[in-house]
Amino acid sequence: MTQSKITGPLLSDKRFFGELLNLDFKGLETIKEYIKSEDYNSCRKIFANFFRDFLKPEIYFSTCPGGDKVIITDELIDAANNACRHYFSFLDTPYDFKNEPIDWDFNPTFNGFAEWPFVLNRHFELQHLARAYRATKNEKYAFACAEILDSWLKNAVTPPEGTHWGATNSWRTLECGLRISEVWPEIINSFYKTKAFTDDLIVDICKSVWEQGRRARYEHRERGNWLIYALTGVCAACVMFPFFNTKDEWLSYALENLRIELKRQVHPDGFQFELSTGYQYDVAVCFINVLKFLDIYGYGYDKEIAATVQKLLETYTYLTMPNGSVPDINDGYYFNTKEILKPYADMFPENNLIKWAVTDGKEGAAPPLNHIFENAGLGVMRTGWGENDTYVFFDGGEYAAGHQHEDKLNLLMYADGKMTLTEGGKYAYDTSDMRLYVRSTKAHNTVLVDNLNQHRGKNYKFPDTKKISDLKGKFTENTCALYSFYDEGYGENAENFARHERKVYFIKNEKGLKPFILVADRLYSQDEKEHSYSFLWHLDAEKLEINGQNLRANSLNLMVADKNINLNIIRGQLEPEVQGFYCSCEQLQYRPIYCAEYKVKAKNIRLVTLFYPDGNEACPIEKIEASSDINNNEITLIKTNGEKITYNESDFNIKEGTN
């Protein structure tokens, strides 16, 4: 005998109406008498009518940028029509279910990339239907959404209580929190009065909200952005669906722990401890949603959360490059600062940094030219925010809490209107060699020892957000300097046989020269043995000119002081190991870039490197001279006219040491 398939939601009518609802809630009192006679059909009808009267979409949409207004675009209608016929495209992989029922565990990717079904189960495609409906009032979008949602409710059944937070494609706690805080509220408030959203569907939706809220409340991950997403979902379920008996305990738990996470996850300098320009934004949006829910639904404005949210958003103003975007730190994104801050400018009208960013500098106050995130250990130096200004980013800080790369002492440079000194970027979260590459030291502008990567992850501990980082700096009008070091081991076993110290000098106002940087690297053998040191520089250029040991990549001139060092140019290499690529965040989306590898064998060595953006003019510097002796501090630039400019590192006066 074939066993019938279990369908969801798993909550019985008896438990939902008799145990989980607050039947003293105004509008639900009459359900009591029908529960006594077990007339659950009447209970469903009464509850659905109550719910339609209870919802106030104008309140919900007041939390959304632009309210409930939708601009009709071809892209929106195409996306909605595709969803109607069960055609979805995620992560550069389209799939057509051909109007057949959706398999919520299906994965069409060529390599079983796990993220595809995760994204399918986030229900963003239902938002396209909701927006198309609000824009056109075409009922086909309501019926399509109801059909897809009913399919998910019946077939993506909640796992047993106690199931691990990451188990199943459709009920990971991250997706639970995301659905009930960001996605489903828009769907429900768009369609709740349509014929497609029947009494039974409304009851099943509310049952599922409780089931997802319960899972997010009790089975969430202990740290990171997953925890924030889960608790945000719990908060949303409580304030938007306050007729559940669990509301008070769940809301108290969620808010208490969100406030704890504010302190545990957000550094005093404003960076979330994953140190990613992508997840920084995701966490900020979660807390923004919590702020809005509490305020709009009558629970008050939480000033503590609001203050930290502003610090999270302000980091983007400090990081902004001359092109208006921020670097894709760790698993980050090149977010445009104005675009991501503009939706929240009205929430914080007195914040001068946000005001400056969203008004193109016409209002508010600009952040300082140079900035150190003293806890995160990230440093920014710049000449200004104009198109032709020069920008330098230096990572001298901690190993982050998630989505991190093994890239301490990484250096990035934007000059002459483009990213001149870049890195490997970000790749899809699969198990490919390309994914391993972008996270490795090999994909960044720092040093390999014996061809081995840094390995801070070997002895990893969650960071202490109150700790001051290793990064030191000094800024003057003419010269800026940053310093940090790496001594946490290389290779699979994180063997600590070398220490790397890096000083970055940004010379802004040297007569007859454009702004440029000098990098003084010192490698110290910790075991008194010689080691092979590979200095890596990733150059985003269409054209590379080689002159001995010196390079010109488009308008960026790279010169080294040691003429005995070996130079190797790598570009688009897949074997014997991946090297010389810039990756986007999607699978198979990468392009070759130049990687200049300067290699030398020594015990202790100083190598000084010059990066001079010439603005597409003749470079006025012919060569650089600096001793390889680690105790020597002199650096001499020799100009093409014979003039010499000598610097002494001690004059930059950076205080070294650990904290």
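**Close-up 1. Lining of the second largest pocket.** Six nonpolar, five polar and nine charged residues make up the lining of this second largest pocket (Ala, Val, Leu, Ile, Met, Phe, Trp, Tyr, Cys and Pro count as nonpolar, Asp, Glu, Lys and Arg as charged, and the others, Gly among them, as polar). The model is predicted: local features need pLDDT of at least 70, side-chain atom pairs count only at pLDDT 80 or more, and totals for chains, interfaces and linings use all residues. Residues are numbered from 1 along each chain as its sequence is written, and side-chain values use heavy atoms, with hydrogens and water left out. Of the 20 lining residues, Glu 398, Tyr 399, Lys 467, Asp 470 and Glu 488 lie nearest the pocket's centre. A pocket here is an open set of points on a 1 Å grid over the protein atoms alone, where a 1.4 Å probe fits, with protein on both sides within 12 Å along at least five of seven lines; lining residues have an atom within 4 Å of a point.

**Close-up 2. Contact of helices α12 and α14.** Here Arg 259, Leu 262 and Lys 263 of α12 meet Glu 304, Ile 305 and Thr 308 of α14 (contact means heavy atoms within 4.5 Å; helices are DSSP runs of H or I with at least four residues, strands runs of E with at least two, numbered from the N terminus). This contact divides into two nonpolar, one polar and three charged residues.

**Close-up 3. An open sheet of three strands.** The strand order is β22-β23-β24, with antiparallel pairing (two strands pair if DSSP finds at least two bridges between them). β22 (621-625) and β24 (644-648) are the edge strands, each with a single partner strand, so one side of each has no neighbour in the sheet. Four bridges join β22 to β23 (residues 634-639), and Ile 624 has Leu 637 in β23 as its bridge partner.
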